[in-house]
Amino acid sequence: SQARFAVGQQASLFVTVANVGDSPAEDVVVRFDAASNVDRLALRDGEALDDDGVVIGALAAGATSTFQVFFAANEPGPIGLLARLDARCLASEDEARVVHRVAAEAVGVPATRIEVFDERDPVPVGEEVTYQIRVVNQGSGQDTGLQLRATLPQTFEFVGAEGATPGQAAQEPGVVTFGPVERLDPGDDLVWHLRARAIGEGQGKFVVELKSDSLASVVREEEPTKTLR
């Protein structure tokens, strides 16, 4: 089956070369052809692999030689990595015998986070404040099933909201829910602006919570806001 690795994650493969003939193989070397989506190709000791490849040298009849190669992918998709075996006994045109394509795929990993700030603090009682909510995917994979809700401090009442999806007051006092977002691609962001009016004096926290298919638990962000007379 095809192995799957996260983009940027160090992966490795074991390469075994076997001499199935009845005479020694001379000048055995394994070289790697890497596509642009593969980087950090190296041996266990950190030595970067180049066109010289991994030199095995002589390999007796029936003998095997195994080594480990490390690599990473810098974008999602099939990993473009070929292992090519050269030896004095092999004809260079015998591609079917000397080339092996690595069966692996790099998959993107979403990394979704929340940013929240208020336009001013403190807020005089009777006046409004606007909170900006930004959700950004800083990962390499698409996130899906995003759900957002905000909770106002007890010293505020909800006025309105606009942005990436509609926002409306929930039955629970002070809670504002936003329409779901089907997907958020890598590098993209979503922005909402929520307006609230100060109705009492004190110190409170504006809380935003995010759920998505990629998040193991609810992500929570808080913004303290003070009101005064």
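Trainee: Which residues does Phe67 touch, not counting residues up to four places away in sequence?

Mentor: This is a predicted model, in which local features need pLDDT of at least 70, side-chain atom pairs count only at pLDDT 80 or more, and totals for chains, interfaces and linings use all residues. Residues are numbered from 1 along each chain as its sequence is written, and side-chain values use heavy atoms, with hydrogens and water left out. Contact means heavy atoms within 4.5 Å. On that basis, Phe67 touches Leu13, Phe14, Val15, Val30, Phe32, Leu43, Val54 and Ile56.

Trainee: How many residues has the largest nonpolar core?

Mentor: In soluble globular proteins, nonpolar side chains tend to be buried together. A nonpolar core is a set of buried Ala, Val, Leu, Ile, Met, Phe, Trp, Tyr and Cys residues joined through side-chain atoms within 4.5 Å; buried means under 20% relative accessible area, exposed over 50%, partly exposed in between (1.4 Å probe, protein chains only). Here the largest such core has 28 residues, and Phe32 and Phe67 are among those with the most contacts inside it. Another core, of 25 residues, lies apart from it and includes Ala150 and Leu210.

Trainee: How many aromatic pairs are there?

Mentor: A pair of aromatic rings is described by the distance of the centres and the angle of the planes. Rings of Phe, Tyr and Trp (its six-membered ring) pair if their centres lie within 6.5 Å; planes under 30 degrees apart count as stacked, over 60 as edge-to-face and the rest as tilted. The count is five. Phe32 and Phe67 are edge-to-face, because their ring centres are 6.4 Å apart and their planes stand at 90°.
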